[in-house]
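Open the model in your viewer and keep the selection panel at hand.

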Amino acid sequence: MHSQPNETDVSADSAAVDRVRERRADLAPALGRTWTDGEPRRFLTDLTAIGSRMAGSEGERRAAGVVADAFERAGLSGVETRPFEMAAWERGDATLRVTAPGRKGAAATREFEALALPYSPSGDVTGELVDVGYGTPAEIDERDVEGRIAVASTTTPEGGRFVHRMEKFGYAIGAGAVGFVFVNHLDGQLPPTGSLTFGEEADAVAVGVSKETGAWLREYAVGGGGGGGAGSGGGAGGRIAAGSSPAATAELSVEASTAPGESRNVVGHAGPDTDERLLLLAHYDAHDIAEGALDNGCGIATVVTATEILTEADLPIGVDVVAVGAEEVGLLGAERLAERVDLDRVKGVINVDGAGRFRDLVALAHASETAASVAEAVSAGTNQPIAVDAEPHPFSDQWPFVRRGVPALQLHSDSGDRGRGWGHTHADTRDKVDDRNVREHAMLVALLVAEFAAPERDAPRLDRDDLIAALREADFETGMRAADLWPAEWE
């Protein structure tokens, strides 16, 4: 769902480019200070030293305090923390055992490391494993998953959009699978995590396992023979091929709990007190198995750093800066914000999720010509590459606003590789961060906010039919329905 960097669009509006250049000159002192600022690194240190920032946890509560302090240091006014209720999931143990016939027919059982995926219920299932490759709907349809445990890769085929784990899980369980195993596609004995649903307990147990474990599981799967990998089903329709070994039996067990909990959004304000507002968002929560330095420590650090620049800008309208909680378990903080804010007053949304991690910025315009034009103008006006992708998707904090028709930019960054990299694994730690990317992207974010807010910028609402058509054209409908994300009001 994220594009690769492209060359700057040479058709960027010349008047907008001139505005960006003038603004860049006006903000030169603030931009210059940001170039050498040590505060982004110190902020990331404070945030990642907390440990787990899982939604609804004590760590997330402490992180909200760190963010609020940073907002005040940056010069935002009216900083406050707004709690909200949510379903808090807590991880317990997970076990995955496989019993397979040996060379002489004697069964042998071995156990593999596994991590429960957020909102997996507690439970035990037993069944044959079935390799569903990348876990796309087409692959699942080709396999016989009924009563079996589906094994799917974290990545997706080249040439197509990124297929989210919620889509894979939802479609597999909907097709009759009794359990789900999510296999990392990267080396390093790194089982992945990631939520199965938006804020509620899922319908089946699910775990993440490492690439190395996945190689064994595909060999043990129905029709497997050791040659399995993402995209290899190991047998026509998932049925045992003639001459192959009998299938192994897997036992999957998860201990977890879902209980009423509390998350919070942290809100501050820059610019004048106007009726019309712009929203600048980033989530500060992270998964419980790592420090969350990349996802989304870099993003919230980028926003904090950008706000220091924005407090010195001559903004034409007010900017509400919001650190949202509970993104990783279903965009819950952003959903709460979208429900409570007067959307008629919101000109647009800039969501910083993934910026600051890698060298080049990516701007996802979510079917908004205005949002795309803003990114193109800032790219041209700063001589900085910003790859612009118009395709919408429902898997980050802009979605509660986009589906309500508000134009939005999501700011990501490009590693050149498919998938999340270290994100959602034990390896998402502070040592992976190059804070030069945070500082440079913060400068671009400040200029993007200022250009989006410009009075010359008209920001029409998204047309619902056009948005639906864009999602269908990108082949999202089947997966979104499987994950129960297709809005009911669109029926």
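Domain 1 (14-87 + 260-465) and domain 2 (89-225 + 245-258) both contribute lining residues to the second largest pocket, so it lies between them. The domain bounds come from an automatic or database domain assignment. This is a predicted model: local features need pLDDT of at least 70, side-chain atom pairs count only at pLDDT 80 or more, and totals for chains, interfaces and linings use all residues. Residues are numbered from 1 along each chain as its sequence is written, and side-chain values use heavy atoms, with hydrogens and water left out.

Stay with the second largest pocket. Its space is about 470 Å³. Select Phe-198, Glu-200, Ala-483, Asp-484 and Leu-485: of the 23 lining residues, these are the closest to its centre. Next, show helix 6 (165-174), helix 9 (332-340) and helix 11 (399-402), each of which supplies at least two lining residues. Helix 6 gives the largest share, 4 residues.

Now select Thr-193. It is in the loop between strand 6 (179-183) and strand 7 (205-209). Helices (H or I, at least four residues) and strands (E, at least two) are DSSP runs, numbered from the N terminus. Is Thr-193 buried or exposed? Thr-193 counts as buried because its relative accessibility is 1%; buried means under 20% relative accessible area, exposed over 50%, partly exposed in between (1.4 Å probe, protein chains only).

Methods: On a 1 Å grid over the protein atoms alone, a cavity is a set of points where a 1.4 Å probe fits but cannot get out, and a pocket is an open set with protein on both sides within 12 Å along at least five of seven lines; lining residues have an atom within 4 Å of a point. Grid points are joined across faces, edges and corners, and a volume is the space filled by probe spheres set on the points.
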